[in-house]
Each structure stands twice: as C-alpha cells, then as structure tokens.
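Please keep the sequence and the structure in view while reading.

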Amino acid sequence: MSNINNHGVSMNNIELSPHLQELTCEQAAAIQGGAKIQLFLGANFTGKSLLLTINKAGLSKKLTGQFNNSISSAKVLSGRWVLNTNGDGSGLFVEIGPRKAQYPRFTKVLNNTISFVKATVA
Ligand SMILES: [Ca+2]
C-alpha cells in the first residue's frame, strides 16, 4: 500500500477537492468509512444497482445472480477497486478509483463481463 500514490491515472477522471489533496488515498478512504462502489446494470448509471461497502483492503466479493456478467457502469464512492471478469478474481481486470470517480460506460471487453470486485484501498 505504500506505493499507491505512485500509480498513474488510469481510465478515471478524478476530481480532488482542495482540502483532500494533502491526504493519502488511505487516509481519505478511512475518513469516508471504507471503500464504497455502486455497480449498475445499465450504462450511464441506469437500471438496478448494487451498492457494496468493504471496510478492509484486500477483501473481495463475487458477483452472483443478476449482477454477474451484467455490469455496464459504476460509481466509485470511496477507496480503490479492481474489477475482474472471472468469479475467482482472475481474467481481465480494471483498477478504478481512488475516491470519487464515475465510469458511465464500460468498454467492450469489460461490459457485461465483470464477475468479481475487490477493494485494494479501503
Ligand atoms: Ca464474467
């Protein structure tokens, strides 16, 4: 976790509020109370959604039922997350976050394929 701030910006569009800029990712997430993500069945944050909260980095959840292989957009509310296409945490993946970031439309290989989510920073 010590090198988290050396990660480059990936596919996200991060907006930092001025009072948070001096905090590390871990500190900011702790203040907000764990890692939170909202997963949507439809693009542009439409359809049924699943709100997940993980309070410890490294913990994960396998998506089941209607949410397995059906996610098309996501909002990271806090923390940093890895989304995988296989239910065992393998396969293609994308790392999103930290903190607030919105992904209105997953790209082709990630759309309707996500089966596993893990908080890498809680
Ligand atoms: Ca899958």
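Helices (H or I, at least four residues) and strands (E, at least two) are taken as DSSP runs and are numbered from the N terminus. This is a predicted model, in which local features need a pLDDT of at least 70 and side-chain atom pairs count only at pLDDT 80 or more, while totals for chains, interfaces and linings use all residues. Residues are numbered from 1 along each chain as its sequence is written.

## Fold and confidence

The protein has one helix and eight strands, and along the sequence these follow the pattern α-β-β-β-β-β-β-β-β. Confidence is given as pLDDT, the predictor's score for each residue on a scale from 0 to 100; the protein averages 82, and 74% of the residues score at least 70. Confidence is lowest in helix H1 (residues 25-32), with a mean of 53, and highest in S3, at 97. Over residues 1-22 the pLDDT stays under 50, and for this stretch the model has 20 contacts beyond four places in sequence. Two residues are in contact here if their C-beta atoms, placed from the backbone, lie within 7 Å. Among contacts in the protein between residues at least 6 apart in sequence, 72% join residues at least 24 apart.

## Strand pairing

Two strands are said to pair if DSSP finds at least two bridges between them. Strand S1 (residues 35-40) runs antiparallel to strand S4 (residues 73-78), and five bridges join the two; within this pair, Leu 39 stands opposite Ala 74 in S4. S4 is also joined to strand S7 (residues 101-103), again antiparallel, by three bridges, and there Val 76 stands opposite Ala 101.

A further four strands form an open sheet in the order S3-S8-S5-S6, with antiparallel pairing. Strand S3 (60-62) and strand S6 (93-96) stand at its edges with a single partner strand each, so one side of each is left without a neighbour in the sheet. Neighbouring strands of this sheet are turned by 15 degrees against each other on average, direction ignored, where the strand axes are lines fitted to C-alpha atoms and angles in general run from 0 to 180 degrees between N-to-C directions. S3 pairs with strand S8 (residues 116-121) in the antiparallel sense over three bridges, and the bridge partner of Lys 61 in S8 is Val 117.

## Burial and the nonpolar core

A residue is called buried if 20 or more other C-beta atoms lie within 10 Å of its own, exposed if 12 or fewer do, and partly exposed in between, with C-beta atoms placed from the backbone. Of the 122 residues of the protein, 33% count as buried. A nonpolar core is a set of buried Ala, Val, Leu, Ile, Met, Phe, Trp, Tyr and Cys residues joined through C-beta atoms within 7 Å. The largest such core has 23 residues, and those with the most contacts inside it are Ala 35, Ile 37, Ile 71, Ala 74, Trp 81 and Ile 96. The elements that give two or more residues to this core are S1, S4, strand S5 (80-84), S7 and S8. Leaving aside neighbours within four places in sequence, Ala 74 is in contact with Ile 37, Gln 38, Leu 39, Phe 40, Ile 96 and Tyr 103.

## Individual residues

| Residue | C-beta neighbours within 10 Å | Class |
|---|---|---|
| Ala 101 | 22 neighbours | buried |
| Asn 55 | 14 neighbours | partly exposed |
| Asn 44 | 11 neighbours | exposed |

Asn 55 lies in the loop between strand S2 (49-54) and S3, where 7.1 Å separates its C-alpha from that of Gly 33, a residue 22 places away in sequence. Beyond its neighbours within four places in sequence, Asn 55 is in contact with Gly 34 and Ala 122.

Some loop residues also carry particular backbone features. Asn 44, in the loop between S1 and S2, has a positive phi of about 60 degrees although it is not a glycine. Asn 69, in the loop between S3 and S4, likewise has a positive phi, near 60 degrees, in a residue other than glycine. The peptide bond from Gly 97 to Pro 98 is cis, with omega near 0 degrees, and Pro 98 lies in the loop between S6 and S7.
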